[in-house]
Amino acid sequence: MNTRLNPITTPRHELRAEKARRNREAALNAFIGKKAEIDEMLARLQALSDDHFNAHPDEVNWADVGTLEQYASLLKRITDSAFGEGEHAE
């Protein structure tokens, strides 16, 4: 339903209900968009992990370990938040 209600002839409760419906629809669209962004980032990270983060076993050094430690730390912050763990535990 894309028709706008006439604010002069439409009862207030109907106007509020329509505004709430449009707001929920906009929130759902934004949610789906953000989820798609996250899904894309996760797919890219998974591909990079599958490729051992572009590290060749004969060339791995402590800098590579430090890089993965940083990635793990950032991901832990996300998973702690998402699952209510760590500093986000209740």
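Analyst: A polar contact is a pair of N or O atoms within 3.5 Å; within protein, one must be able to donate a hydrogen and the other to accept it, and residues adjacent in sequence count only if both atoms are side-chain atoms. The model is predicted, with local features requiring pLDDT of at least 70 and side-chain atom pairs pLDDT 80 or more, whereas totals for chains, interfaces and linings use all residues. Residues are numbered from 1 along each chain as its sequence is written, and side-chain values use heavy atoms, without hydrogens and water.

User: With which side chain does the side chain of Asp50 make a polar contact?

Analyst: Asp50 is found in helix H1, where helices are DSSP runs (H or I, at least four residues) numbered from the N terminus. At 52% relative accessibility Asp50 counts as exposed (over 50%; buried is under 20%, partly exposed in between, with a 1.4 Å probe and protein chains only). At a distance of 2.8 Å, the side-chain partner of Asp50 is Gln46.

User: What does H1 reach from its first C-alpha to its last?

Analyst: H1 has 39 residues.

User: Is Glu18 buried or exposed?

Analyst: Glu18 lies in helix H1, and its C-alpha is 8.1 Å from that of Leu5, 13 residues away in sequence. The side chain of Glu18 also has a polar contact of 2.8 Å with that of Arg21. Its relative accessibility is 8%, so Glu18 counts as buried.

User: How far apart in space are Arg21 and Asp51, C-alpha to C-alpha?

Analyst: Arg21 has its place in helix H1 and is partly exposed, with a relative accessible area of 24%. In sequence, Arg21 and Asp51 are 30 residues apart. Between their C-alpha atoms the distance is 45 Å.

User: What is the phi of His52 near?

Analyst: His52 lies in the loop between H1 and H2 and is exposed, with a relative accessible area of 58%. Phe53 has its place in that loop too, and takes a positive phi of about 55° although it is not a glycine. His52 is likewise a residue other than glycine, and its phi is positive, near 55°.

User: How are the rings of Phe53 and Tyr71 arranged?

Analyst: Rings of Phe, Tyr and Trp (its six-membered ring) pair if their centres lie within 6.5 Å; planes under 30 degrees apart count as stacked, over 60 as edge-to-face and the rest as tilted. The count by this rule is one aromatic pair. Because the ring centres of Phe53 and Tyr71 are 5.8 Å apart and the planes stand at 40°, the pair is tilted.

User: Which parts of the structure does this pair tie together?

Analyst: Phe53, at 28% relative accessibility, counts as partly exposed, and Tyr71, at 36%, also counts as partly exposed. The two residues are 18 residues apart in sequence, so the pair ties together the loop between H1 and H2 and, on the side of Tyr71, helix H2.

User: Which element gives the most to the lining of the largest pocket?

Analyst: A pocket is an open set of points on a 1 Å grid over the protein atoms alone, where a 1.4 Å probe fits, with protein on both sides within 12 Å along at least five of seven lines; lining residues have an atom within 4 Å of a point. The lining includes Ile38, Met41, Arg44, Tyr71, Leu74 and Thr79. Two or more lining residues come from helix H1 (12-50) and from helix H2 (62-83). With six residues, the element giving the most is H1.

Conventions. Expected span 1.5 Å × (residues − 1).
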